[in-house]
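Me: I would like to go through a few labels given to residues here and ask what each of them rests on.

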Amino acid sequence: MTETVWTSPSMAGGLGGRGRKKRAGSTASHLRMSGGDTSLPLPPSEKNKRPHVWRHGYCAVLDIGSTKISCLIGKGEPNGTLRVTGYGWRRSAGVRNGAITDLRDAEAAIRATVAQAETMAERPIDRVVVNLSCGHPASRLFNVRWPIGGRVVTDADLRRVVTEGRIQATVQDREVIHTLPIDFTVDDTEGVSDPRGHLCETLKARLHIIDAATTALINLETVLARTELKIEALVASPLASGLSVLDADERDLGTTVVDMGGGTTSLAVFGEGQILHTAQIAVGGLHVTRDIARGLSTSLDNAERLKTVYGSADLASDVEDEVLTVELLGNDVPHFEQISRAQLGRIIRPRMEETLELVRERLDGAGLGMAASGRIVLTGGGSLLDGIRPLAERILGTPVSIGRHSGPGFTRSVRLGRPKNIIGLPENTAAAAGFATAAGLLFWAASAERPFGDVEFREAPPAGFLQKLVSFIRQRV
């Protein structure tokens, strides 16, 4: 156990006066002690002083969604921020619920989006980091135990542990996308973030593995190949959104990001500085638009405009008298009908309640205890709907009983999330919110190290002729 030694002001005076001087340019936080006026400086955190390390050069990312396809080109700045030098976005085509359904339409939309970003950035791209929302992504936790035998843990041991976890996670017709170590246990010492260099008998690892259907991934790779782009990496959409809208403390204390997209709503639970769970729900903003179109007998374009301009998930009582004009379908001559804004809200609300109730079910059933019971951050285009926050607070606010933390007064707080520490996105608030996933993808692509310790360790290639021969035979037996 590490013991922290606090130095009082009187002790500082006996150390050659070193405690009295303050270095130029330094700042200090103080902790006020209860029952007195004495304040003690908080111990400095070296972790917070380290600037984020970026890769050299520019990176490109592509967010393929059901309603919008967006592309960002940018790079990391020395001050820790991201700078976008080019962006493009188009209405999605050939995509449904995050999966490619029409190769030709999707290719045309991706080409136009990338060309817009390339023109703005004044540079061509041929490799992109792409969001993973197709193939019904699944999230599972695995415990792996590996014998070390009383020696020092090496890189090779980590490769074996991760490889073992990926073998356990292998399911026919599905491919592992992320292998995320949550923590390691070195003999009886739990919570070790990096076990390399530790001496132990047994190494244990908790791994969070995310996979997706192989056929959907092949279709995604095919359409990108037709646009002359190579996939540099796939990143789960809710993971990217969490990188974009959360700060380090939120990821450590327990926060769930709910990304409300067009075809799907995805969520990611963060805790202990790691991503612990992801899930995807096949309900999104497009379902609300279709409900409006059916309920009012109007076109999808008109329904989308009504939703974004006048829609609300939690109407106030003073909008009952507000009148809207709706153009009806199926008439040779334009025909219009007037409805109240409250009537529009009564169409929207049930679908939004259904979506949030499904989110709550996934959170309460995740089996993550307190980690899934903290703050909720809403992002994505659906989070811009008027009234979504108070509705989410009522539905998501109170988790199921969790031991001694259950009961009155224990609630999940809800806030709206927008991309942080990124320069160059469209200034329009709605557009910026729609780029939350793309901004997280750019953070991932520009980082010198994989966020959350994502690893794709593979065994080192065999060196000698005999080892190469054995490896060749194993691969074919």
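This is a predicted model: local features need pLDDT of at least 70, side-chain atom pairs count only at pLDDT 80 or more; totals for chains, interfaces and linings use all residues.

Reply: Residues are numbered from 1 along each chain as its sequence is written, and side-chain values use heavy atoms, with hydrogens and water left out.

Me: Why is the pair of W54 and F443 called edge-to-face?

Reply: Rings of Phe, Tyr and Trp (its six-membered ring) pair if their centres lie within 6.5 Å, and planes under 30 degrees apart count as stacked, over 60 as edge-to-face and the rest as tilted. The centres of W54 and F443 are 5.5 Å apart and their planes stand at 80°, so the pair is edge-to-face.

Me: What makes W54 buried?

Reply: Its relative accessible area is 11%, and buried means under 20%, exposed over 50% and partly exposed in between (1.4 Å probe, protein chains only). T437, with a relative accessible area of 7%, is buried.

Me: How do you know that the side chains of T437 and S241 are joined by a polar contact?

Reply: They meet at 2.9 Å, whereas a polar contact is a pair of N or O atoms within 3.5 Å; within protein, one must be able to donate a hydrogen and the other to accept it, and residues adjacent in sequence count only if both atoms are side-chain atoms.
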